[in-house]
Amino acid sequence: MTDKQQYLRDYAVREWVAGRTSRRTLLRQLLGAGISLPAIAAILAESGIAIGAADAARPLRIFNVPKFTGFVYFELAKAGGAKACKELGAQQIYVGTTTADVEGQVQVLQNILPQHPDGIVLASLDLNAPVPVLRRALSEGTVVVTFDADVAPAGRTLFVNMAPFKVQAKAMLESALANAPEGGKSIWIAPTPTVANFISQKKALDELIASEPRYRSIRFIDTLYANDDPEKSYSVGSSAMQAHPDLKLFITGSGISNPAINKAIQDTGRAGKVFSTGFALPSTMKTFLEDGTCKQFALWSPFQYGYMATYCAILLKSGKMKTAPGTRISIPSIGERTIGEGAVTNLSEMVFFTKGHEDFDTAIPMRS
Amino acid sequence: MTRLLYRFGWEVLLVVLILVAGTVASLLSPYYLSVGQIGYSLQQSVAVVGTVAAGLVPVILVGEIDISQAAILALGNILFAQCSSMGLPLAVAIPGTLLLCAGLGALNGILVTAFALPSLAVTLGTMEAYRAFALLIGGHGEYASFGAAYLWLGSAMIGKVLPASLVLVVVIFAALTFTMHRTLFGRLVYATGSGVKATAMSGVRVNRVKIITFAIAGVMAGLGSLVYIGQYESARADNASDILLLVVTVVVLGGIDIFGGRGNVPGVLLALVLIGTARNGMGLANTPGPVQTLVIGTVLVVSVLLPQLLRLGRAFARQRRFVQPLQPIISESGRTR
Amino acid sequence: MNSSAEAATAIGAPRLGRRIALLQNRVLGVAAFLVLLVVFFSLLDPRFASLANADTIALNGSVLVIVACGEAIVVLTRNYDLSVGSIVALASYVGLDVVRLHPGIGPSLALVPVLIGGACGMVNGALVAYANVPSVIATLGTMSIFRGLAYLYAGGNQINVKDLPPWVVDIASSHLFGLSGLVVTAFLVVVLIGLGLRYLRTGRQIYAIGSNPAAVPFYGLRGPGIIFRAYVLTGLLTGLAAFLFGVRAGYIVPYLAQGLELTALAAVVVGGVSVLGGSGNVVGAAIGALALATINNGLILLGASDFTRQFIEGAAIVVAVIVDAIIQARLRELLRTLRRRRAS
């Protein structure tokens, strides 16, 4: 390659890497410089690797991988992540499978790997399956931040929990008492028996009930699995109400099961006698708050959640944050948080939704 | 030359499509074109699907279908993981798992042949039953730690570049090609698929042939589970729930006639590479999930539609009518529909 | 359908005739199965045998009944339809979105999901009937295509029932003679389709092509047309089920009804509809769907694990198919005997 061609090549690649030109323009410029096709192919292959060593002004690329696409919760998290990227001058790429397919999600991660991501923000479907891929990513310098559902610690840099499980349990129990102050028989609904989050939540719930006299009136008589499917939740809920006529409460951390079970309660005319609460998205529960089928439920803002996770990822990648236990981090619009043992931190922004406080803006924050 | 082209036309088409897909992929994303990347992605996306598809090929060639392979894979996963957690040596774990999976496959075959049952319905039932057993043995937990030797097949790289699982897939397909195209058993499989009645009347034990093909499908699912554990380092009772579409697409795209009795095995390997390349390319270009699903579904339909349309077109071109009520009932292959 | 039994009686062999009639009546078997299930669960848990519980089962099973009716029509023609779950997702999301965007037009818009289902059925029908694509492959492919379209249309959103005009909810929660509107709809569907398959020309043609596709051209019938019509009918029924599906769950998402096709197939097979085609009727399929809903309900009542439910479903399918094969073989024997007797 002549000097002139080298100069043109460097210029074209630099412009493209910085995002100022498109791929098509890159090809046109390279072809226009008279560089042969095999050489162009080599350049394209190289620039994939060279990106890491390129201009410091290049924006960081953060890949956001939800559990599955098409669900409002993760769409809000995506929007939050986009806001964080915009504020810090990074670029967000949102990619995922349409179903809760463990192998599919791992495949998505495998396809992200060769693109030399700077950060991966992941809500994992399985505790262990993505770990081999993530380990490879970590070894190549990628920052992996998990949110909503963790992976084994060996596979990630940081886990942003929505709140310590004790706080989550407290939020759920408070909502339960707000619906049925005398407590009573309760059923725990989870998607499948293997989702780690729900196992930890149930454990925290049991511990809290055993230790605080306030919650002692709530007695769990069974655990049922509804696969995060609205229809299954509906039939499981209606069958369970048949099986236990004196059932008082359904408690679940699944935002998909809650509205469906509320609908089942409504349809079978048991509104006011049985309540379904826990976590749910306000957009799906508005009707039930308005007509009193559900008096209170809890959540955190997925928007803030995505925002915090992505913010941490960008800070970690640019070296402005460490994950040693005890580190204090400060995130705009959220506040100060500490990183605990095992590189875990918390969003800790539980809010309650009741009649009259039905949006994220009007929700009542929880005071722990 | 034209005779070769006619006989291997489909395979040549597949090779052309692979090159096209590779070119499109490398234009869509600069990260595609690197030996290490291609090798890694092929290993990850092609190894398990390829092994399972290799098992499905004889079953489809014989004129049946097996949708319970994913469940057998999950059960194999659980068993293999259980062996690992009990600290058993590989020399016990591998044959044990493969034997069990072969047994499950043979059970499918026995149910189908003993009662002359339609294989789709039977394997629908056994799929659920096998998954239930996986749940029973594996419980609701997940196995996460395995002896290093157990992980070798799915994750090892020979010479840092060549994934061991890809070598396994190639070896399996070579063995399958040899079996189907060069041995007596293979000839019997093709014969059974082309016309069960005629083959049975020739004195061939058709039932035995079918049971053996189902057992092969089971063994391949078992091998697939060995690779799976190496790749994902986790075993759960609900693994591999969505693999069916890919496996069937690969087999059909590979030129195997779904009615049985026709098709070349190397075509399936080519189809595997094609699908792997397409998914890799789409993934690197960060195509949204729904679009990828749509593409795979369309590929499946088109890969069967195209030969049919060509056949119809040829008949039309020869000035024959589409529907001929007085045509002989029995077609050349002994099928009525 | 009982002409062989009548012929047997006519030549003076009433016992043979009775036996043939018994075996040809596929509904008896599955009805007996359902009764057995109810007795079994009632004995194990008295709470099962209450009217309220029956109402729950009916409510939960009614949508599956409609889908099973649709699937039965296709299976009767010796084909499969694996895309029903995706058609439900696509029809319910797009259809109800149209309803949401045009709240003023009123209940006639309930036809939109039905028509979308019909359109999907036409695609399936065209592929299977006219392009000669094997039904397993065609519907496996359209399963992904329809669901992909549903996701693309939804674009990450969901539809909440509260955004829909009130007449939608009214339909879902309406009551007629104390029975839920859903149950009445399912009942009407079963009755209408059952009668239609028996007495309408299209229905008898569906049975014909399932029993013996080779003989169809000899009767002057056009095979592809019959199969196309069968798929379109299934699509329309699935569209109706999609409307009820979405309204019941409270909000509509593109990942609704995953795996519905296998449950529908299970209901059809358990309900005595032979997968070899031409035998069985939608009443059986409906009872099969109710049986599956009963198993689900009963197992929750008993607190049984997920394993038990899956195993029972799988075993039920295998047993049903084996029983079907045995019945078919026995029928063939009896009919051969009948032919011999008539010849002599």
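**Cavity and contacts**

Modeller: Happy to. In chain A, helix H4 (72-88) and helix H8 (196-211) each supply at least two residues of the lining of the largest cavity. Bear in mind that this is a predicted model.

Colleague: Which helix gives the most to that lining?

Modeller: That's H8(A), with three residues.

Colleague: And how much space lies in the largest cavity?

Modeller: About 270 Å³. Of the 20 residues lining the largest cavity, A:Tyr73, A:Asp148, A:Gly253, A:Ser254 and A:Gly255 are the closest to its centre.

Colleague: Nice. How do the residues of the lining divide into nonpolar, polar and charged?

Modeller: There are 12 nonpolar residues, five polar and three charged in the lining of the largest cavity.

Colleague: How many cavities of 30 Å³ or more does the structure hold?

Modeller: Six.

Colleague: Back to the largest one: which domains of chain A does its lining draw at least three residues from?

Modeller: Domain 2 (61-156 + 302-346) and domain 3 (165-299 + 354-365) each give at least three residues to that lining. Chain A also has a domain 1, covering 3-46.

Colleague: What separates the centres of domain 2 and domain 3 of chain A?

Modeller: 28 Å, taken over C-alpha atoms. As for their contact, 10 residues of domain 2 of chain A meet six residues of domain 3 of chain A. These two domains bury about 590 Å² between them, with 78% of it on carbon and sulfur atoms. The salt bridge count between them is zero.

Colleague: Okay, switching to the chains. What area is buried between chain C and chain B?

Modeller: About 3,800 Å², and carbon and sulfur atoms give 82% of that. On the chain C side, C:Ile137, C:Phe307 and C:Gln310 supply 15% of the area buried against chain B, more than any other three residues. The contact takes 42 residues from chain C and 41 from chain B.

Colleague: How many residues are in contact between chain C and chain A?

Modeller: 29 residues of chain C touch 33 residues of chain A. Chain C and chain A bury about 2,700 Å² between them, 60% of it on carbon and sulfur atoms.

Colleague: Which residues in chain C lose the most area to chain A?

Modeller: C:Tyr251, C:Tyr255 and C:Ile300, together 23% of what the chain C side buries.

Colleague: Great, thanks!

Methods
Residues are numbered from 1 along each chain as its sequence is written. Chains are lettered from A and ligands numbered from 1 in the order in which they are written. This is a predicted model: local features need pLDDT of at least 70, side-chain atom pairs count only at pLDDT 80 or more; totals for chains, interfaces and linings use all residues. Side-chain values use heavy atoms; hydrogens and water are left out. On a 1 Å grid over the protein atoms alone, a cavity is a set of points where a 1.4 Å probe fits but cannot get out, and a pocket is an open set with protein on both sides within 12 Å along at least five of seven lines; lining residues have an atom within 4 Å of a point. Grid points are joined across faces, edges and corners, and a volume is the space filled by probe spheres set on the points. Helices (H or I, at least four residues) and strands (E, at least two) are DSSP runs, numbered from the N terminus. Ala, Val, Leu, Ile, Met, Phe, Trp, Tyr, Cys and Pro count as nonpolar, Asp, Glu, Lys and Arg as charged, and the others, Gly among them, as polar. Domain bounds come from an automatic or database domain assignment. Contact means heavy atoms within 4.5 Å. Buried area is the accessible area (1.4 Å probe) that two parts lose on being put together, summed over both. A salt bridge is a side-chain nitrogen of Lys or Arg within 4 Å of a carboxyl oxygen of Asp or Glu.
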